[in-house]
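Hi everyone, thanks for making time.

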Amino acid sequence: MNNELPLSGATTANPGASKAAISFHYDLGNEFFRLFLDRECCYSCAMYDKESDSQEAAQQRKLEYHIEQARADGTARVLDIGCGWGALQKRLVKEHQVKVAVGLTLSENQAEWIRSMGVSGVEVRVESWSDHVPAASYDSIISVGAFEHFARPSNRPVRVRGYRDFFERCYGWLNPGGWMSLQSIGLGAADRGTEGQFVAENIFPESDLPRLGEIADASEGIFEIVSVRNDRADYKRTNHEFRDRLRRNWDGAVSLVGEETVRRFDKYFRVSAVDRPAMASRRTQLSYPPSVRARHAGGRGDAWWQLASIEEAAASCIARDR
Ligand SMILES: C[S@@+](CC[C@H](N)C(=O)[O-])C[C@H]1O[C@@H](n2cnc3c(N)ncnc32)[C@H](O)[C@@H]1O
């Protein structure tokens, strides 16, 4: 893979995967993805609570979690960056009385799918975050499983510059006091290893995974980190579920996209779900909800930091001192 892809015309230091690279993965046909995703087509790490949880339940729990972290319930405008097939937007509008849920995607197929749902209040744009100019500011921003595409393969300083640009823009689009929740796979090791290299070359071209420290560096002085969680076991289980479903629907998948593609996806889910210690220590599920007032984000896990926009943090200190 060429590590020095031209960034001509780019408005950021490292704008991430191009539309063509995203299309290579996500525009294989919606029917293909439906064969291994849950009913709502969530394509990111789910949140399991118990052994008996279905993929459907675990995906909805994850959506609820981000909605809560981003304080999106009952708000006027929410931005979903990397909206996939619109599951989060639909939930925001239908279950949480959000007036407008704007989704950004670089996949035409996903956008068509969302438009065909015809849900009032759900808007979709085939547009990168790096080109987004909102019609009005947002109360909350949520981004789940898309940050992995926001930097092309490069070195740490270049990745951090691109991520910093992303955080600066998000900050500028949020109303004062607005919150953001971010979920991404992360790398704990300096390099991605053989399995990661396979994924980078054959599954997600032009994409690189962040390291936790890079996200912290990139958001420093823009957002205050409230909490971080690592759900590696959930990531493993999600990949198992994707793989099981794909294998159960193997023939149907082959007839839609061909055997070579199905084999590639099968391998992708397999290498992403392994439980070898070396791999395990390299997989991290991060969730980044900036907040300020709640000292604890609740839910499972005690490894949460508090995080909020700088102005919010200051405002809250002033309010407490009164
Ligand atoms: C793995 S999918 C996650 C979809 C959804 N959030 C979910 O959890 O099911 C990644 C999404 O990020 C979108 N994406 C990738 N790069 C993007 C960019 N620069 N701007 C906006 N969306 C982008 C893709 O089009 C896709 O919808």
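Let's start with this: how many bridges join S2 to strand S3? There are 5, and S2 and S3, with S3 covering residues 122-126, run parallel. Keep in mind that this is a predicted model. If you want one spot to look at along that pairing, find Thr 105, which stands opposite Val 126 in S3. To get from S2 to S3, the chain goes through helix H5, residues 108-117, and this β-α-β crossover is right-handed.

Okay, now the other neighbour. Strand S1, residues 77-81, pairs with S2 too, in the parallel sense over 5 bridges. Here Val 78 has Ala 101 in S2 as its bridge partner. Between S1 and S2 the chain passes through helix H4, residues 87-95, in a right-handed β-α-β crossover.

So how covered is S2 itself? Of its 6 residues, 100-105, 6 are buried. As a reminder, side chains in a regular strand alternate between the two faces of the sheet. In S2, Val 100, Val 102 and Leu 104 sit on one side, Ala 101, Gly 103 and Thr 105 on the other, and all are buried.

Helix H7 (residues 193-202) packs against helix H11 (residues 259-272) at an angle of about 145°, with the axes 10 Å apart. The crossing is left-handed. From H7 we have Glu 195, Phe 198, Val 199 and Asn 202, meeting Arg 264, Lys 267, Tyr 268 and Val 271 of H11. That contact divides into 4 nonpolar, 1 polar and 3 charged residues.

Methods. Residues are numbered from 1 along each chain as its sequence is written. This is a predicted model: local features need pLDDT of at least 70, side-chain atom pairs count only at pLDDT 80 or more; totals for chains, interfaces and linings use all residues. A residue is buried if 20 or more other C-beta atoms lie within 10 Å of its own, exposed if 12 or fewer, and partly exposed in between; C-beta atoms are placed from the backbone. Helices (H or I, at least four residues) and strands (E, at least two) are DSSP runs, numbered from the N terminus. Two strands pair if DSSP finds at least two bridges between them. A crossover is right-handed if, with the strands pointing away from the viewer, the path from the first strand over the helix to the second runs clockwise. Axes are lines fitted to C-alpha atoms, for helices over the stretch in contact, and angles run from 0 to 180 degrees between N-to-C directions. A crossing is left-handed if the near helix is turned anticlockwise from the far one by less than a right angle, and right-handed if clockwise. Two residues are in contact if their C-beta atoms, placed from the backbone, lie within 7 Å. Ala, Val, Leu, Ile, Met, Phe, Trp, Tyr, Cys and Pro count as nonpolar, Asp, Glu, Lys and Arg as charged, and the others, Gly among them, as polar.
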